Amino acid sequence: MKQLLLLFAVLSLSGCVVGTVASTAVDVVTLPVKAVSAGVDAVTTSQSERDEKLGKELRKQDEQRGKEYRLAYERCRKGKPLPTDDCALFTQR
């Protein structure tokens, strides 16, 4: 009876061992591929990433121009413009 139970246990567990070995073998084989693709993704930028970066730069430039415009307007309004301020732009409204 013990031998039959032992034989049943060995046969039923052998599938688990084979499955685990096969799973480990697949993980070992695919690991270098995953590492290389992660490295390539880290080094290269996609078109959408470039578009996002360009959009961010353009928004930052636009914010800076707006800030300079508001400062120049305030200086002209107070009568203390810088030589580079074109106060005629602000009086034509």
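Phe 90 is buried in this predicted model, with a relative accessibility of 10%. That places Phe 90 under the 20% limit for buried residues. Its ring takes part in the aromatic contacts described next.

**The aromatic cluster**

How many aromatic pairs does the model contain? The count comes to 2. Tyr 69 and Phe 90 make up one of them, with an edge-to-face arrangement. Tyr 69 lies in helix α2 and Phe 90 in helix α3, so this contact ties together parts that are 21 residues apart in sequence.

Tyr 73 also pairs with Phe 90. Here the planes stand at 75°, and planes over 60 degrees apart count as edge-to-face, which is why this pair is given that label. Tyr 73 lies in helix α2 and Phe 90 in helix α3, so this pair joins parts 17 residues apart in sequence.

A pair of aromatic rings is described by the distance of the centres and the angle of the planes, so here are those two values for each pair:

| Pair | Centre to centre | Angle between planes | Arrangement |
|---|---|---|---|
| Tyr 69 and Phe 90 | 5.0 Å | 65° | edge-to-face |
| Tyr 73 and Phe 90 | 5.4 Å | 75° | edge-to-face |

Taken together, Tyr 69, Tyr 73 and Phe 90 form one aromatic cluster. Are its tyrosines buried or partly exposed? Tyr 69 counts as partly exposed, at 37% relative accessibility, and Tyr 73 is partly exposed as well, at 34%.

**The disulfide**

Now for the covalent link. The model has 1 disulfide, formed by Cys 76 and Cys 87. Their sulfur atoms lie 1.9 Å apart, and a pair of cysteine sulfurs within 2.5 Å counts as a disulfide. What is the handedness of this link? The bond between Cys 76 and Cys 87 is left-handed, with -80° about S-S.

Cys 87 is partly exposed, with a relative accessible area of 22%.

Note on methods:
Residues are numbered from 1 along each chain as its sequence is written. This is a predicted model: local features need pLDDT of at least 70, side-chain atom pairs count only at pLDDT 80 or more; totals for chains, interfaces and linings use all residues. Side-chain values use heavy atoms; hydrogens and water are left out. Buried means under 20% relative accessible area, exposed over 50%, partly exposed in between (1.4 Å probe, protein chains only). Rings of Phe, Tyr and Trp (its six-membered ring) pair if their centres lie within 6.5 Å; planes under 30 degrees apart count as stacked, over 60 as edge-to-face and the rest as tilted. Helices (H or I, at least four residues) and strands (E, at least two) are DSSP runs, numbered from the N terminus.
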